[in-house]
Amino acid sequence: MATAEPYILFELAGTAYAVPSAAVERMEMVEHVTPVPNAPGYVDGLVFSRGRVVPAVNLRRRFGFAAAEYGPQTRLIVVSQGDRLVGLIVDSARAFVTIAADAVQPPPEGLAGTSGNYLAGVATVADRVVLILDVAEVLKGDAGAAPPEPHRA
């Protein structure tokens with residue numbers, strides 16, 4: 001019998017994505033983002049989230065999509081990777097869903113390269129294709145550098 005894992009579904013540029021809920025610390029509305037000088041173009045800045053300063057990565061820009069204004073549906077999904085916390089800014093976060101392990105297929109070979117590296121797999125949920133993120137790959141900066149670490153108080 002195949003195991004199933006819970007995911008959080010979110011929208012980005014009209015596409016459905018999923019991130020394993022085990023990697024998610026919390027979701028919240030995007031409020032004040034403090035710009036950081038010389039940050040990579042996909043890092044909108046820093047946010048203060050539940051007593052911690054967290055880098056805010058704009059997934060639209062990280063994936064090469066056109067930037068969009070924050071709206072009432074925009075969400076910050078705070079994920080952890082090792083001992084790091086990073087906020088992912090997405091267009092909207094929709095739902096929790098459980099996906100059977102055997103329903104997740106490897107990313108198609110045509111997605112090789114940078115965009116393919118961000119994907120852990122592809123699944124179909126309610127007749128919709130969902131791209132499953134590889135959180136570790138998304139958090140890697142250009143040339144393997146990590147987004148800036150926040151100063152810990």
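Predicted model: local features only at pLDDT ≥ 70, side-chain atom pairs only at ≥ 80, totals over all residues.
Beyond its neighbours within four places in sequence, Arg 60 is in contact with Leu 12, Ala 13, Phe 65, Ala 66, Ala 67, Ala 68 and Asp 91. One of these residues, Leu 12, has Thr 15 in strand 2 as its bridge partner.

## The open sheet

Strand 2 (residues 15–20) runs antiparallel to strand 1 (residues 4–12), and six bridges join the two. In general, strands of a sheet pair through backbone hydrogen bonds, in either a parallel or an antiparallel manner.

Both strands belong to an open sheet of five strands, arranged in the order 8-1-2-10-9 with mixed pairing. From one strand to the next, the twist averages 35 degrees.

## Glu 137 in helix 3

Glu 137 lies in helix 3, formed by residues 135–139. Is this residue buried, partly exposed or exposed? Its relative accessibility is 21%, and therefore Glu 137 counts as partly exposed, since that class lies between the limits of 20% and 50%.

When residues up to four places away in sequence are not counted, Glu 137 touches Arg 62, Asn 117 and Tyr 118. Asn 117 and Glu 137 are 20 residues apart in sequence, while their C-alpha atoms are 6.4 Å apart in space.

Definitions and conventions
Residues numbered from 1 in each chain as written. Heavy atoms only, no water. Contact = heavy atoms within 4.5 Å. Pairing = 2+ DSSP bridges. Helix = DSSP H or I, 4+ residues; strand = E, 2+ residues; numbered from the N terminus. Axes fitted to C-alpha atoms, helices over the stretch in contact; angles between N-to-C directions. Buried < 20%, exposed > 50% of the residue type's maximum accessible area, 1.4 Å probe, protein only.
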